[in-house]
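Visitor: I have a structure open here and would like to go through it with someone. Could we take it piece by piece?

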Amino acid sequence: PVSTFNLSASVFGPTPFRVAGIAKLNKNPVEWDANLELLNFQLKNINPYIQKNVKAFIHKGNLDLYSEVVSEEGKINGYVKPFITKLKIDTPEDGFKFKGEATKGIGNLLNALLKDSEEKTLATKISFKYDKELDVDIIPALKKAIEHKIAENIKPGIEDSVGQKGMRMDKGLKQAQEEK
């Protein structure tokens, strides 16, 4: 009734992506619980998207991402914790702009967060829920990013706060291309 899984893959070349979890296959819809980890993703790999959509250019920077996600009775709950280090980015000359009054402040906050991003680690925790509609807590995530920039109070890694406790990433897994 309960299957465990441990997956690993490479994203954009050598970036390791790992998922550990459980699935309850006898439930309808299938219920699952997963921990995800993406380490040392080179942000310049997303330059085509960034240049097209926000007119910025990333010279360097790394992303580590940690997440816990659980699905029960068709509802999804979880968080994502991104950590960006050594970011050197050319932002649009007039800064990031978003359409609409409600999102104008977000552009200003983003510009302030990126100000000395080559020396500081940018990090936050973004909580989300899905129940027929995605609900993402953006304002608390921006607040956490500002707090982290000042005090570096967000720790890398899985918090073990969502879903089954004690699920671990199997760091010993080899990528398929590593097999001889």
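**A walk through the strands**

Guide: Gladly, and please keep in mind that this is a predicted model. One place to begin is Asp33, which, leaving out residues up to four places away in sequence, touches Phe5, Ala20, Gly21, Ile22, Val69, Val70, Val162, Gly163, Gln164 and Met167.

Visitor: Where is Asp33 placed?

Guide: Asp33 belongs to strand 3, which covers residues 31–42.

Visitor: Let's move to strand pairing. How many bridges join strand 3 and strand 4?

Guide: Strand 3 pairs with strand 4 over nine bridges, in the antiparallel sense, and one example is Trp32, whose bridge partner in strand 4 is Ser71.

Visitor: What about strand 4 and strand 5?

Guide: Those two also run antiparallel to each other where they pair, over 14 bridges, and here Asn62 has Thr85 in strand 5 as its bridge partner. The hairpin that strand 4 and strand 5 form has two residues between the strands, and in it Glu73 takes a positive phi near 55°.

Visitor: Is Val30 in a strand or in a loop?

Guide: Val30 is in the loop between strand 2 (15–24) and strand 3, and with a relative accessible area of 37% it is partly exposed.

Visitor: New topic, then. Which residues make up the largest nonpolar core?

Guide: The largest nonpolar core has 11 residues, namely Leu38, Phe41, Leu43, Ile50, Ala56, Ile58, Leu63, Leu87, Ile89, Leu114 and Leu122. At least two residues of this core come from each of strand 3, strand 4 (57–72) and strand 5 (75–90). Apart from this core lies another one, of five residues, including Leu39, Tyr66, Ala123 and Ile154.

Visitor: Can you pick out Leu38 for me? Why does it count as buried?

Guide: Leu38, which is found in strand 3, has a relative accessible area of 11%, and because buried means under 20%, it counts as buried. Setting aside neighbours within four places in sequence, Leu38 is in contact with Val11, Thr15, Pro16, Phe17, Leu63, Asp64 and Leu65. Pro16 is 22 residues from Leu38 along the chain, and the C-alpha atoms of the two are separated by 5.9 Å.

Visitor: And what does Leu43 contact?

Guide: With neighbours within four places in sequence again left aside, Leu43 is in contact with Ile58, Gly61, Asn62, Leu63, Ile84 and Leu87.

Visitor: Last one: how many aromatic pairs are there?

Guide: The count comes to one aromatic pair. The ring centres of Tyr66 and Phe83 are 5.9 Å apart and the ring planes lie at 80°, so this pair is edge-to-face. The pair links distant parts of the chain, with Tyr66 in strand 4 and Phe83 in strand 5, 17 residues apart.

Visitor: Are those two buried or exposed?

Guide: Tyr66 is buried, and Phe83 is buried as well.

Methods:
Residues are numbered from 1 along each chain as its sequence is written. This is a predicted model: local features need pLDDT of at least 70, side-chain atom pairs count only at pLDDT 80 or more; totals for chains, interfaces and linings use all residues. Side-chain values use heavy atoms; hydrogens and water are left out. Helices (H or I, at least four residues) and strands (E, at least two) are DSSP runs, numbered from the N terminus. Contact means heavy atoms within 4.5 Å. A nonpolar core is a set of buried Ala, Val, Leu, Ile, Met, Phe, Trp, Tyr and Cys residues joined through side-chain atoms within 4.5 Å. Buried means under 20% relative accessible area, exposed over 50%, partly exposed in between (1.4 Å probe, protein chains only). Two strands pair if DSSP finds at least two bridges between them. Rings of Phe, Tyr and Trp (its six-membered ring) pair if their centres lie within 6.5 Å; planes under 30 degrees apart count as stacked, over 60 as edge-to-face and the rest as tilted.
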